[in-house]
Amino acid sequence: MDPFLKLAIEEARQGLAEGGIPIGSVLVVDGQVRGQGHNRRVQKGSAILHAEMDCLENAGRLTAKDYQQAVLYSTLSPCDMCSGTALLYKIPKIVIGENRTFQGPEDYVRSRGVQLEIVDSAECIELMREFIAARPELWNEDIGV
């Protein structure tokens, strides 16, 4: 397994251990981890701290060139908000652990020139399926249902 996706899965598991939603993300620029994070909406009482947003926040301010050479890893298909942020900063590639339990606007993101790599990780799928079954109300809140 890709070591960066593995790190994103570790972030997801950390979020679950903290009582949150098990989604993790890593930002890689030129083969180096520049940021990592996990969904912290529950932990921080936040409306926006999805895994990708936490990851990008933890990366701090980067140059436009850095973003344009980056790969964003996420254990789950990014939602509209997180996809929009990737588009805003012109991140050219997103590696997605799985998109079976939730699928963001992947066709739109592709239409904007972003390369999506869907790994279809059994570990990512199982993590989300177990969480959704155990905490459907929290999952529904996270995706705005």
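**Helix packing and a ring pair**

Analyst: Helix 1 passes helix 7 in a left-handed crossing. The model is predicted.

User: Why are helix 1 and helix 7 called roughly parallel to each other?

Analyst: Helix 1 (residues 3-17) and helix 7 (residues 122-134) pack at an angle of about 15°. Angles under 35 degrees count as roughly parallel. Helix 1 and helix 7 are therefore given that label. Their axes are 11 Å apart.

User: What makes the contact between helix 1 and helix 7, residue by residue?

Analyst: From helix 1 come Ile 9, Ala 12, Arg 13 and Leu 16, and they meet Glu 123, Cys 124, Leu 127 and Phe 131 of helix 7. By class, this contact has six nonpolar and two charged residues, with no polar ones. Arg and Glu count as charged.

User: Which residues make the contact between helix 3 and helix 5, and how do the axes of these helices cross?

Analyst: The axes of helix 3 (residues 51-59) and helix 5 (residues 80-88) come within 8 Å and cross at roughly 35°. Glu 52, Met 53 and Leu 56 of helix 3 make the contact with Met 81, Cys 82 and Thr 85 of helix 5. Sorted by class, the contact has four nonpolar residues, one polar and one charged.

User: Why is the aromatic pair of Phe 4 and Tyr 73 called tilted?

Analyst: Two values are needed, because a pair of aromatic rings is described by the distance of the centres and the angle of the planes. Rings pair if their centres lie within 6.5 Å, and Phe 4 and Tyr 73 are 5.6 Å centre to centre. Planes under 30 degrees apart count as stacked and over 60 as edge-to-face, with the rest tilted. The planes here are at 50°, so the pair is tilted. The count of aromatic pairs comes to three.

User: How do you know that this pair links distant parts of the chain?

Analyst: Phe 4 is in helix 1 and Tyr 73 is in strand 3 (residues 70-74), 69 residues apart. Leu 7, also in helix 1, is 66 residues from Tyr 73 in sequence, with 9.2 Å between their C-alpha atoms.

User: Which residues is Leu 7 in contact with, leaving aside its neighbours within four places in sequence?

Analyst: Those residues are Val 26, Val 33 and Gln 36. Contact means heavy atoms within 4.5 Å.

User: Which domain does the record list for residues 1-116?

Analyst: UniProt, in an unreviewed entry, lists "domain: CMP/dCMP-type deaminase" there. Over residues 1-116 the chain is 41% helix and 21% strand, and the end C-alpha atoms are 17 Å apart.

Technical notes. Residues numbered from 1 in each chain as written. Predicted model: local features only at pLDDT ≥ 70, side-chain atom pairs only at ≥ 80, totals over all residues. Heavy atoms only, no water. UniProt positions renumbered as here; feature names shortened; annotations may be inferred. Helix = DSSP H or I, 4+ residues; strand = E, 2+ residues; numbered from the N terminus. Axes fitted to C-alpha atoms, helices over the stretch in contact; angles between N-to-C directions. Parallel < 35°, antiparallel > 145°, perpendicular 65-115°, else oblique. Left-handed = near helix turned anticlockwise from the far one by under 90°. Phe/Tyr/Trp six-rings, centres within 6.5 Å; stacked < 30°, edge-to-face > 60°.
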